[in-house]
Amino acid sequence: KIINLYMNGGDFVKKALIVGIDEYPDAPLKGCINDANAVAELLRTNGDGSPNFDVSLKLNVKTKAEFLDLIEDLFSGDADASLLYFSGHGSEAGHLVTPDYRGKDLGVLMTEVLGCANNSKCKNKIIILDCCYSGKFGESSTTQSNESILGEGVTIMTASSRDQVSMEHGGQGVFTNLFLQSLRGSAADITGKITPAGIYSFIDQSLWAWQQRPIFKTNISQFISIRDIEPRVPKSVLRKLGKYFNSPSDEVKLDPSFEFTNNPNYKHEVIEPYAKDENVKKFKELQLFESVGLIEPVDEEHMYFAAMHSKSCKLTALGLHYWKLAKDTRF
């Protein structure tokens with residue numbers, strides 16, 4: 001399916017179940033409660049303080065039955081997004097382990113959780129697991145081990161592959177630490193949206209030094225933003241891409257009047273034409289575009305020299321994408 005980065009505007013009904021379990025009888029953990037608390041706190045609001053997910057935080061769930069009830073409740077109804085985050089033990093046999101494990105019955109089967117998500121009427125089902133062997137999630141018990149059976153609207157992100165453990169460091173899961181950094185803004189796109197794909201990309205690039213690999217599986221037609229922060233480029237400025245560049249191949253001609261320091265009031269050599277307020281304002285916005293990779297100077301290394309040497313600037317490939325969005329009034 002074609003994946004779009006944005007859903008159309010409007011208010012969304014989003015709910016999240018955040019589960020952290022440290023208290024296992026024979027194999028206690030130390031960082032899962034910390035992880036769950038931190039994730040819940042960030043998901044409740046967006047970067048500007050506006051409401052985000054309606055969060056249910058459940059710490060040290062005792063039994064398999066209790067956990068299953070919580071999962072079934074999460075995926076009931078028709079919310080725009082239902083998100084499950086789990087931090088605890090995972091088993092090689094494909095369980096999210098609960099403290100009442102006994103014999104081969106170690107807890108909730110990953111296939112049971114996936115079944116709830118696949119059968120849910122919620123538009124987006126997002127499952128994030130920080131546990132050992134979590135990469136097994138999404139695999140069928142009746143087909144080849146590497147075959148995924150995700151229903152429509154399901155996205156899975158796991159801390160490790162199907163054969164790997166999930167590590168803790170400094171009282172927190174390595175994966176969750178990066179997930180939290182993502183939610184704080186490290187995975188945000190230029191407009192301030194933090195999508196599952198952006199989160200995975202950030203975590204995947206950041207985990208290279210650790211002996212675990214995150215897994216990302218999805219079957220969606222549109223990504224929903226998990227959290228929004230203040231955009232790196234204000235939308236009012238971003239819309240001007242379509243004004244400054246009439247076509248994708250256009251170049252904006254620059255000259256010394258675009259550089260605000262090229263003014264007789266500054267004690268250094270100045271070059272005519274001197275700084276003009278209108279051009280200076282425009283140039284600052286062009287420099288902002290350049291700082292996030294939307295445009296680049298032509299035949300110069302820096303925008304400053306492009307202006308002082310009367311060169312130009314042009315759209316990058318990423319800039320072309322946002323230019324099209326600006327022209328289509330998509331933000």
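Biologist: Leaving aside neighbours within four places in sequence, which residues is Leu-83 in contact with?

Modeller: Contact means heavy atoms within 4.5 Å. In this predicted model, Leu-83 is in contact with Lys-15, Ala-16, Leu-17, Ile-18, Leu-43, Phe-53, Leu-74, Ile-126, Ile-128 and Ile-226. Residues are numbered from 1 along each chain as its sequence is written. Local features need pLDDT of at least 70, side-chain atom pairs count only at pLDDT 80 or more, totals for chains, interfaces and linings use all residues, and side-chain values use heavy atoms, with hydrogens and water left out.

Biologist: What is the mean pLDDT of the chain?

Modeller: pLDDT is the predictor's confidence in each residue, from 0 to 100. The chain has a mean of 88, and 92% of its residues reach 70 or more. Over residues 1–10, however, pLDDT stays under 50.

Biologist: How many residues has the largest nonpolar core?

Modeller: Such a core is a set of buried Ala, Val, Leu, Ile, Met, Phe, Trp, Tyr and Cys residues joined through side-chain atoms within 4.5 Å; buried means under 20% relative accessible area (1.4 Å probe, protein chains only). Here the largest has 33 residues, and Ile-18, Leu-43, Leu-83, Ile-199 and Ile-203 have the most contacts inside it. A second, separate core of 28 residues includes Val-61 and Leu-74.

Biologist: Which residues are buried in helix 5?

Modeller: Helices (H or I, at least four residues) are DSSP runs, numbered from the N terminus. In helix 5, the buried residues are Pro-196, Ile-199, Phe-202 and Ile-203. Their directions from the helix axis to the C-beta atoms fall within an arc of 130 degrees, so they line one face of the helix.

How values were computed
Buried < 20%, exposed > 50% of the residue type's maximum accessible area, 1.4 Å probe, protein only. Helix = DSSP H or I, 4+ residues; strand = E, 2+ residues; numbered from the N terminus.
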